[in-house]
Amino acid sequence: MTDSKNINNPVGQGGGQRKRQSRAERQNNGPHRNLDRQGAADRKAELVRKMQEKARAAEAASQQASGEQG
């Protein structure tokens, strides 16, 4: 009996038919990982937004301070 090294060709693996897996799924990058990536992107976008708000507030404060000196 030959042993198959290809997961999409289950010769000699027993257990009946198997779902064809894409390369990404075989590398454990399936649909569940897309949700993780989306969550990370959301957190990053929120962090960037907060940093931009802080930068605007600091810029406004520095402009206000320079206006008081003149």
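**Helices, surface and salt bridges**

Trainee: How many helices and strands are there in the chain?
Mentor: The chain has 2 helices and 0 strands. Helices (H or I, at least four residues) and strands (E, at least two) are DSSP runs, numbered from the N terminus.

Trainee: What should I know about the model itself?
Mentor: It is a predicted model, in which local features need pLDDT of at least 70 and side-chain atom pairs count only at pLDDT 80 or more, while totals for chains, interfaces and linings use all residues. Residues are numbered from 1 along each chain as its sequence is written, and side-chain values use heavy atoms, with hydrogens and water left out.

Trainee: What percentage of the residues is buried?
Mentor: Of the 70 residues in the chain, 4% are buried. Buried means under 20% relative accessible area, exposed over 50%, and partly exposed in between (1.4 Å probe, protein chains only).

Trainee: How many salt bridges does a search of the whole structure find?
Mentor: The search finds 2 salt bridges. A salt bridge is a side-chain nitrogen of Lys or Arg within 4 Å of a carboxyl oxygen of Asp or Glu.

Trainee: Which side chain meets glutamate 46 in a salt bridge?
Mentor: That is arginine 49, at 2.4 Å from N to O. Arginine 49 and glutamate 46 are about one helical turn apart, because they are 3 residues apart in helix α2 (residues 31–69).

Trainee: And what about glutamate 53?
Mentor: The side chains of glutamate 53 and arginine 49 also form a salt bridge (2.5 Å, N to O). Both residues lie in helix α2, 4 residues apart, about one turn of the helix. Through shared partners, salt bridges join Glu46, Arg49 and Glu53 into one network.

Trainee: Are these residues buried or partly exposed?
Mentor: Arginine 49 is partly exposed, at 35% relative accessible area. Glutamate 46 is partly exposed at 34%, and glutamate 53 is partly exposed at 40%.
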